[in-house]
Amino acid sequence: MIPGEFDYYSPTTLDEALSLLQEHGDDAKILAGGQSLIPAMRYRLAVPEVLIDINNLTELEYVREDNGHLTIGAMTRESDLEESTLVKEKYHLLADTAEVIADPLVRNMATVGGNLAHSDPANDHPATMLAYNAKIIALGPAGTRVIPIDDFFTGLFENALEENEILTQIRLPRPGPNSGGAYIKVERKVGDYAISAIAVQLTMDGDTCTAARIGLTNLSPTPMRAKNAEQALIGQVITPDVLEAAGQAAAAECNPSADLRGSVDYKRDLTRVLTKRALTKAIERAKGA
Amino acid sequence: MSKHTITLTVNGQEQTHEVDARLLLVHFIRENLNLTGTHIGCDSTSCGACTVHLNGRAVKSCTVFAVQANGKSVETIEALAAAGNLHPLQEGFWEKHGLQCGYCTPGMIMSAKDLLEKNPDPTEEEIRWAISGNLCRCTGYNKIVEAIQYAAEKLREKEPVA
């Protein structure tokens, strides 16, 4: 299958990329890793008139810690995230996520910024970034804008980025002491989207959960948090009954569709079970087990 | 529609070509360069038959535009036996019967090569993980894993791991 015709630009600076975006407006799409966009173009689901390829902006490829944050350049490849010692050691939820995105060949091209800017609720980073309470950094003609992740996703494939803005960075708060996270995904095969996947980031004080955020993958038209499940945990001494209550809350509040991957009832029950598993793993990590 | 002049290194040789922006790298490799060892399987970013190395990383060439390879190096399966001798990976697939129909083999080998360049002594699990983006419908994968283990050992004999 051959994509439709388009004009191609490959800026070498962010300024150049911004002015191209300004010039072409909504006729243009940004080409990051292309692992969602190029398949969509081959199927002619996307027929952009102009592609602005930002793969030469290597200044956007980095993973580093500063000022109590992990900062990830938007063009960081998933495989670089997967291989990052910093991520493996301190950001377990992110490390869990990076290694189950698509497949190793796709991860060599796919980018963290592209994954989020595509805003597909079936993608894995939205749930993870919701659980981390991340911030999205966007650059536009007026300068830099910080978008809290809770305000970022606005609909199916839709987000708070303006037409003339480029997502440049993702910033995660460094988890404090006694914090842990986990991502658990069930997929039919490597490379498929999740049937259900759960991202958890929480903090414990002894056996009491003092903070928790839970993101859900492919269980709603817009990437969502399981806020009722979070409320079932916060302030509670964690017992099997509390975990079950959180699992049941997530199963009730998610909004999956029936498809080739399963019925609504199956996806809800899988979500209940995976929520408990992800919480258990995150709690073990928070306790340093 | 824009046309572009690209200069890239293919299997060690620098070359310049004119391409349409929408030309996929796999079509460029097969049709413009006549390097038909790289296969098209699914055409949907699923099967990995079209795997090549772009700047040393294994990627699906059906999901990259040729114009994106401008200034970069591309390595295809044809580079492996360029000197007339089978690469240890090719030898491994031969010795261990790592193929039946052979359609997935070039992609499997290019993925395995990326793995062995990063990790010369992988576990079986690491091998299975590394080829998880490549589909084979004949072998059941066991023979492919054995072929990669064979190649890893041969390569380590040549260049012992420090």
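The following legends describe close-up views of a predicted model.

**Figure 1. Confidence scores of the predicted model.** The model as a whole has an ipTM of 0.96 and a pTM of 0.96. For chain B, the average pLDDT is 96, and 98% of the residues reach at least 70. Where pLDDT is low, predicted coordinates should not be read in detail.

Figure 2. Strand S3(A) comprises residues 50-53. Val50(A) and Ile52(A) point one way from this strand, whereas Leu51(A) and Asp53(A) point the other way. Such an arrangement follows a general rule: in a regular strand the side chains alternate between the two faces of the sheet. Strand S1(A), residues 7-9, runs parallel to S3(A) and is joined to it by three bridges. Within this pairing, Tyr9(A) has Ile52(A) as its bridge partner. Strand S2(A), residues 28-31, is also paired with S3(A) in the parallel sense, here over four bridges. In that pairing Ile30(A) stands opposite Ile52(A). Between S2(A) and S3(A) the chain passes through helix H2(A), residues 37-42, in a right-handed β-α-β crossover.

**Figure 3. A nonpolar surface patch that includes Leu45(A).** Met1(A), Tyr43(A) and Leu45(A) make up a nonpolar patch on the surface. Together these residues present about 340 Å² of accessible area. Leu45(A) lies in the loop that links H2 and S3 of chain A. Its relative accessible area is 71%, so Leu45(A) is classed as exposed.

**Figure 4. Strand S6 of chain A between two antiparallel neighbours.** Strand S6(A) spans residues 135-140. Five of its six residues are buried, and the strand is therefore largely enclosed by the rest of the structure. S6(A) pairs with strand S7(A), residues 143-148, in the antiparallel sense over six bridges. A hairpin of two residues connects S6(A) to S7(A). S6(A) also pairs with strand S10(A), residues 166-173, again in the antiparallel sense, over five bridges. Ile136(A) takes part in both pairings: this residue stands opposite Ile147(A) in S7(A) and opposite Ile170(A) in S10(A).

**Figure 5. The loop between strands S13 and S14 of chain A.** The loop lies between S13(A), residues 208-217, and S14(A), residues 224-225, and contains Pro223(A). Pro223(A) is buried, with 9% relative accessible area. The C-alpha atoms of Pro223(A) and Gly155(A) are separated by 7.9 Å, although the two residues are 68 residues apart along the chain. Asn218(A) is found in this loop as well. Asn218(A) is buried at a relative accessible area of 16%. The phi angle of Asn218(A) is near 60°, a positive value in a residue other than glycine. Most residues other than glycine have a negative phi.

**Figure 6. A positive phi angle at Tyr141(B).** Tyr141(B) is located in the loop between helix H4(B), residues 124-130, and helix H5(B), residues 142-158. The phi angle of Tyr141(B) is near 75°, which is positive in a residue other than glycine. With a relative accessible area of 21%, Tyr141(B) is partly exposed; the cut-off for a buried residue is under 20%.

**Figure 7. Selected salt bridges of chain A.** Over all chains, 32 salt bridges are found in the structure. One of the pairs shown joins Glu230(A) to Arg225(A), with the closest N and O atoms 2.7 Å apart. Glu230(A) is buried at 2% relative accessibility, and Arg225(A) is buried at 17% relative accessible area. Another pair joins Glu187(A) and Lys185(A), with an N to O distance of 3.4 Å. In this pair Glu187(A) is partly exposed at 22%, whereas Lys185(A) is buried at 16%.

Figure 8. The closest N and O atoms of the salt bridge between Asp259(A) and Arg261(A) are 3.4 Å apart. Asp259(A) is partly exposed, with 35% relative accessibility, while Arg261(A) is buried, with 17%. Through shared partners, salt bridges unite Asp259(A) and Arg261(A) with Arg188(A), Asp192(A) and Lys267(A) in one network.

Key:
Residues are numbered from 1 along each chain as its sequence is written. Chains are lettered from A and ligands numbered from 1 in the order in which they are written. This is a predicted model: local features need pLDDT of at least 70, side-chain atom pairs count only at pLDDT 80 or more; totals for chains, interfaces and linings use all residues. Side-chain values use heavy atoms; hydrogens and water are left out. Buried means under 20% relative accessible area, exposed over 50%, partly exposed in between (1.4 Å probe, protein chains only). Two strands pair if DSSP finds at least two bridges between them. A crossover is right-handed if, with the strands pointing away from the viewer, the path from the first strand over the helix to the second runs clockwise. Patches are made of residues with over 30% relative accessible area and no salt bridge: like charges are joined within 9 Å, nonpolar side chains (Val, Leu, Ile, Met, Phe, Trp, Tyr) within 5 Å. Accessible areas come from the Shrake-Rupley method with a 1.4 Å probe; for residues, only the protein chains shown count as cover. A salt bridge is a side-chain nitrogen of Lys or Arg within 4 Å of a carboxyl oxygen of Asp or Glu. pLDDT is the predictor's confidence in each residue, from 0 to 100.
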